[in-house]
Structures are given as structure tokens and as C-alpha cells.
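Subject: Handing over the structure

Dear colleague,

I am passing the structure below on to you, and after it you will find my notes on what was found. Please read the notes with the model open beside them.

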Amino acid sequence: QVQLVESGGGLVQAGGSLRLSCVASGSIYRGNTMAWYRQSPEKQRELVAKITSFGIGYYEDSVKGRFTISRDNAKMTVYLQMNSLKPDDTAVYYCNRFIDPVPWGRGTQVFVSS
């Protein structure tokens, strides 16, 4: 079964941290670049960060230096460590395969208060 399950969101004050997790089924995860996206009511879904199967990460400019993407191949899990959070980071966060994405999971809500 093709599946993506995101978790780890919550309410945090500006400057705080959260660590998001995404467990993916093997057909999605193995050998693929995985990515985190976010969507807020005011914006379309946007790419936040991606990580290749070799563990090389790429970041959208607004999160560089604050967010770190990583993966654990044994657990088929992708992580997003978010530090120095800002109110503008408030969104629902999703993960997916970067190329040929599959149906989206439910996401995890992040709310950053000022």
C-alpha cells in the first residue's frame, strides 16, 4: 500500500524548534529523492527541502540555515529539524517523493506564534 504518514507538528513560540517525521512505504522511499513541502491558507503548496537517496540536502532560501532535512533508510523515514521558527513558517507540512509524487498524506500542522 502506498502511504505517507507525517507527524511531529504542533504549536511553538517564535524562535522555538520542532522535528517532523515522515514514514513512507518502501515503494515510495527506496532509492528516491524525498522532499518536504508546506501549504498555508494564503499560499500554494511549496517545496521546503529535499534530500537525495545519497543524503544530500537542498533547501528553499527562506529556510536555509534554520531547517535540516535527513533520512533514516532502515526506518524509511525522512526528518525535518526546524529551528529558529518564525510565524511565516506556520503551515501544514507534507512529505512526498520529489519526482513522480504519490497521493498526499494528511500532513502535520505547524503553528508558530509571535
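Cys-22 and Cys-95 form a disulfide, with 1.7 Å between their sulfur atoms, where a disulfide is counted as a pair of cysteine sulfur atoms within 2.5 Å. This pair links distant parts of the chain, since Cys-22 belongs to strand 3 and Cys-95 to strand 9, 73 residues apart. The structure holds one disulfide, and both Cys-22 and Cys-95 are buried, a word used here for under 20% relative accessible area, with exposed meaning over 50% and partly exposed in between (1.4 Å probe, protein chains only).

Please keep in mind that this is a predicted model, in which local features need pLDDT of at least 70 and side-chain atom pairs count only at pLDDT 80 or more, while totals for chains, interfaces and linings use all residues. Residues are numbered from 1 along each chain as its sequence is written, and side-chain values use heavy atoms, with hydrogens and water left out.

As for the overall build, the chain contains one helix and ten strands, which are DSSP runs numbered from the N terminus (helices H or I with at least four residues, strands E with at least two). Read along the sequence, they follow the pattern β-β-β-α-β-β-β-β-β-β-β. The C-alpha trace spans about 40 × 25 × 20 Å along its principal axes, and 42% of the 114 residues count as buried. Of the contacts with a separation of 6 or more, 53% are between residues 24 or more positions apart, a contact being heavy atoms within 4.5 Å.

The largest nonpolar core has 26 residues, and those with the most contacts inside it are Trp-36, Leu-80, Met-82 and Tyr-93; such a core is a set of buried Ala, Val, Leu, Ile, Met, Phe, Trp, Tyr and Cys residues joined through side-chain atoms within 4.5 Å. Among the elements that give two or more residues to this core are helix 1 (26-29), strand 4 (34-39) and strand 8 (77-82), while strand 3 gives the most, with four residues.

The structure also holds two aromatic pairs, counted when rings of Phe, Tyr and Trp (its six-membered ring) have their centres within 6.5 Å, with planes under 30 degrees apart called stacked, over 60 edge-to-face and the rest tilted. The rings of Tyr-37 and Trp-104 have centres 5.1 Å apart and planes at 90°, so this pair is edge-to-face. Here Tyr-37 in strand 4 is linked with Trp-104 in the loop between strand 9 and strand 10, 67 residues apart. Tyr-37 counts as buried because its relative accessibility is 11%, whereas Trp-104, at 34%, counts as partly exposed. Tyr-94 and Trp-104 form an edge-to-face pair as well, at 5.9 Å centre to centre and 75° between the planes. Tyr-94 lies in strand 9, ten residues from Trp-104, and is buried, with a relative accessible area of 12%. Tyr-37, Tyr-94 and Trp-104 form one aromatic cluster.

Finally, Arg-45 lies over the face of Trp-104, at 3.9 Å from the ring centre, and the charged end of Lys-50 sits over the ring of Tyr-58, 5.5 Å from its centre. A charge is said to sit over a ring if NZ of Lys or CZ of Arg is within 6 Å of the ring centre and within 35 degrees of the ring normal.

With kind regards
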